[in-house]
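Please consult the sequence and the structure shown below while reading.

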Amino acid sequence: MEKEVISQLASLAHERRLSVFRLLMRRFPDAVAAGELAQVLDLPPSSLSTCLSHLRQARLVAQTRVGTSLLYSADTQAASRLVTYLASDCCRGRPDLCLSNPQRTEPEMAIRKYNVLFICTGNSARSIFAETLMREMAEDRFDVYSAGTKPQSELNPFAVELLASKGHDTSGLRAKNLEEFTRDGAVQMDFVFTVCDTAANEDCPPWPGQPMTGHWGQADPVKATGTDAEKRLAFQQVYGALKNRIRAFAALPVETLDRASLQSEIDDIAKQED
């Protein structure tokens with residue numbers, strides 16, 4: 001175990017390799033193409049290949065082949081073993097030095113109302129769908145918010161039209177900047193979900209309070225082309241996929257699950273077929 005830990009720490013003790021691993025963790029459980037990694041991180045293909053090779057040798061990154069493409073994903077089990085080792089061995093007897101103990105199994109979520117935030121880039125469609133669906137499915141258990149990293153000035157008209165056609169109340173919806181939820185005095189989140197790959201790719205500061213996080217990426221329906229009917233279909237598909245995920249999340253007994261079990265459930269929801 002010690003040899004593996006030394007290899008993993010050495011692999012992460014490099015700015016570029018750490019950036020690759022952090023991006024793959026934010027995109028988990030997605031498997032991401034090397035070309036996208038290089039573009040997002042602005043790395044030459046040769047440098048990225050070297051980074052991925054080191055991370056794979058350290059068993060922090062997994063590689064899969066789909067057709068002719070190589071895809072990469074974070075090995076969260078290996079990362080969990082590394083954190084467990086550091087918390088149980090290196091921090092033994094000094095829990096105040098560790099942010100949390102991954103070996104805890106008792107319920108950690110008190111019986112109360114939870115704050116959940118959905119993030120996408122424009123906050124004009126996908127995160128608005130998620131906010132609306134979550135509020136109407138579980139308003140008695142969650143206070144729900146949405147925001148964009150680069151919000152539009154107005155909500156997308158096709159998104160508003162679809163929500164209205166489904167009987168949702170759209171009167172209080174607006175596009176919001178993520179800064180509203182990161183400034184001092186903002187509501188502290190219990191759950192933060194990204195619903196687009198672009199937002200997940202962005203390197204954001206850690207959230208106060210260590211909220212649970214998940215990535216439920218959906219294609220941007222705003223970019224759909226073709227006739228109005230074809231555009232409406234794109235919005236409908238995203239709405240349906242998010243509805244399935246949010247229904248599954250709203251049904252979770254979050255009050256009785258420990259953090260590890262709850263994170264596993266959130267990641268499993270991300271893998272649902274659209």
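## Helices H9 and H10

Helix H9 passes helix H10 in a right-handed crossing (a crossing is right-handed if the near helix is turned clockwise from the far one by less than a right angle, and left-handed if anticlockwise). Helices (H or I, at least four residues) and strands (E, at least two) are DSSP runs, numbered from the N terminus. The model is predicted, so local features need pLDDT of at least 70 and side-chain atom pairs count only at pLDDT 80 or more, whereas totals for chains, interfaces and linings use all residues. Residues are numbered from 1 along each chain as its sequence is written, and side-chain values use heavy atoms, with hydrogens and water left out.

The axes of H9 (residues 228–250) and H10 (residues 259–270) come within 10 Å and cross at roughly 160°. That angle makes H9 roughly antiparallel to H10 (under 35 degrees counts as roughly parallel, over 145 as roughly antiparallel, 65 to 115 as roughly perpendicular and the rest as oblique). Axes are lines fitted to C-alpha atoms, for helices over the stretch in contact, and angles run from 0 to 180 degrees between N-to-C directions. From H9, Arg245, Ala248 and Phe249 meet Ile266, Ile269 and Ala270 of H10, contact being heavy atoms within 4.5 Å. The residues of this contact comprise 5 nonpolar, no polar and 1 charged (Ala, Val, Leu, Ile, Met, Phe, Trp, Tyr, Cys and Pro count as nonpolar, Asp, Glu, Lys and Arg as charged, and the others, Gly among them, as polar).

## Helices H7 and H9

H9 also packs with H7, at an angle of about 65° and with the axes 10 Å apart. The crossing of H7 and H9 is right-handed. On the H7 side the contact is made by Phe158, Ala159, Glu161, Leu162 and Leu163, and on the H9 side by Asp228, Lys231, Arg232, Phe235, Gln236 and Tyr239. These residues divide into 6 nonpolar, 1 polar and 4 charged.

Histidine 168 is found in the loop between helix H7 (157–165) and strand S6 (191–194). With a relative accessible area of 11%, histidine 168 is buried (buried means under 20% relative accessible area, exposed over 50%, partly exposed in between, with a 1.4 Å probe and protein chains only). Leaving aside neighbours within four places in sequence, histidine 168 is in contact with Thr132, Leu133, Glu136, Leu163 and Tyr239. Its side chain makes a polar contact with the side chain of glutamate 136 at 2.8 Å. A polar contact is a pair of N or O atoms within 3.5 Å; within protein, one must be able to donate a hydrogen and the other to accept it, and residues adjacent in sequence count only if both atoms are side-chain atoms.

Serine 124 lies in the loop between strand S4 (114–120) and helix H6 (126–138). Its relative accessible area is 7%, so serine 124 is buried. Not counting residues up to four places away in sequence, serine 124 touches Gln152, Glu154, Leu155, Asn156, Ala159 and Val222. The C-alpha atoms of serine 124 and glycine 172 are separated by 13 Å, and the two residues are 48 residues apart along the chain.

The axes of H2 (residues 15–27) and H4 (residues 45–57) come within 9 Å and cross at roughly 75°. H2 and H4 are therefore roughly perpendicular to each other. Arg16, Arg17, Val20 and Phe21 of H2 form the contact with Ser47, Leu48, Cys51, Leu52, His54 and Leu55 of H4. By class, this contact has 6 nonpolar, 2 polar and 2 charged residues.

Serine 11 belongs to helix H1 (residues 2–12) and counts as buried at 5% relative accessibility. Beyond residues up to four places away in sequence, serine 11 touches Arg17, His54, Leu55 and Ala58.

## Backbone features in loops

The peptide bond from phenylalanine 28 to proline 29 is cis, with omega near 10°. Proline 29 is placed in the loop between H2 and strand S1 (32–33).

Two residues have positive phi values. Aspartate 42, in the loop between helix H3 (34–41) and H4, has a phi of about 55° although it is not a glycine; at 68% relative accessibility, aspartate 42 counts as exposed. Glutamine 210, in the loop between helix H8 (197–201) and strand S7 (212–215), has a positive phi near 50° and counts as partly exposed at 37% relative accessibility.
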